[in-house]
Amino acid sequence: MGYSRSDKQTTHERIVRVAAKRFRERGLEGIGVADVMKEAGVTVGGFYKHFGSRDELVVEALATAFKDLDVWEEHTAGMAQLLQNYLTEAHRDAPGTGCAMGALLGDITRGSKSARALYTARVKRSVAFSSALLPSSRCGNKRGRALLILSALLGAINLSRAVSDPNLSREILHGVRDELIGLVKAGSHPG
């Protein structure tokens, strides 16, 4: 029996979805191609029927993971909601389905040129999105505030995952979230 284009595309998408989740959970170097293929139900020998290189898989998986952020942004009404939803224990505890920018921050600094370019484009998109959510302020530098908020979010989620003390982890999440909400409210003014 033949292998249709539709079957190949379905298999390809399954491999990419598995990689997108596992890379976020374990890092770019934390899981090998063989493990991704096995979990996707495909033999390792089939890898090169779908991808020209491991880096090609990484870039496709990263793009897929970023689509989750697109969906999340589509359902975010304001900056307070963004901050409330991002810095949570649920997000901290589920990196495989959470923000790929946060989960892969350290890995991308050592990533390929193509992975870093894709990550850079995502950062630019997220800064623009966050900037648009910010209220006007006297200083008028919405982009600077958006960069500060994005840096604080990524730092806080990673720091909360890194510490072994659950109380400190929770304090990081809640403290940074509350400070950012206060900063956003204090920086706004009517009109």
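## Basis of the model

Residues are numbered from 1 along each chain as its sequence is written, and side-chain values use heavy atoms, without hydrogens or water. Because the model is predicted, local features need pLDDT of at least 70 and side-chain atom pairs count only at pLDDT 80 or more, whereas totals for chains, interfaces and linings use all residues.

## Overall fold

The chain has 11 helices and zero strands (DSSP runs, H or I of at least four residues for helices and E of at least two for strands, numbered from the N terminus). Its C-alpha trace spans about 65 × 40 × 30 Å along the principal axes.

Of the 191 residues, 41% are buried (under 20% relative accessible area with a 1.4 Å probe, protein chains only). Among contacts with a separation of 6 or more, 68% join residues 24 or more positions apart (contact means heavy atoms within 4.5 Å).

## Nonpolar core

The largest nonpolar core holds 49 residues (buried Ala, Val, Leu, Ile, Met, Phe, Trp, Tyr and Cys joined through side-chain atoms within 4.5 Å). Ile15, Phe23, Leu57, Leu83, Met101, Ile149 and Leu153 touch the most other members. At least two residues of this core come from each of α1 (5-26), α2 (33-39), α4, α5, α7 (100-103), α9 (113-133), α10 (142-162) and α11 (166-186).

Beyond its neighbours within four places in sequence, Leu153 is in contact with Leu82, Leu83, Tyr86, Leu87 and Leu180.

## Cavities

There are two cavities of 30 Å³ or more (sets of points on a 1 Å grid over the protein atoms alone where a 1.4 Å probe fits but cannot get out; lining residues have an atom within 4 Å of a point). The largest cavity has a volume of about 110 Å³ (the space filled by probe spheres set on the points, which are joined across faces, edges and corners). Of its 13 lining residues, Trp72, Met101, Ser126, Leu150 and Leu153 are the closest to its centre.

The second largest cavity contains about 30 Å³ of space. Its lining consists of Leu134, Arg145, Ile149, Leu183 and Val184, with α10 and α11 each giving two or more residues.

## Largest pocket

The largest share, three residues, comes from α4, while α4 (54-74), α5 (79-86) and α6 (89-93) each supply at least two.

Notes. Buried < 20%, exposed > 50% of the residue type's maximum accessible area, 1.4 Å probe, protein only. 1 Å grid on protein atoms, 1.4 Å probe; cavity = no way out; pocket = protein on both sides within 12 Å on 5 of 7 lines; lining within 4 Å.
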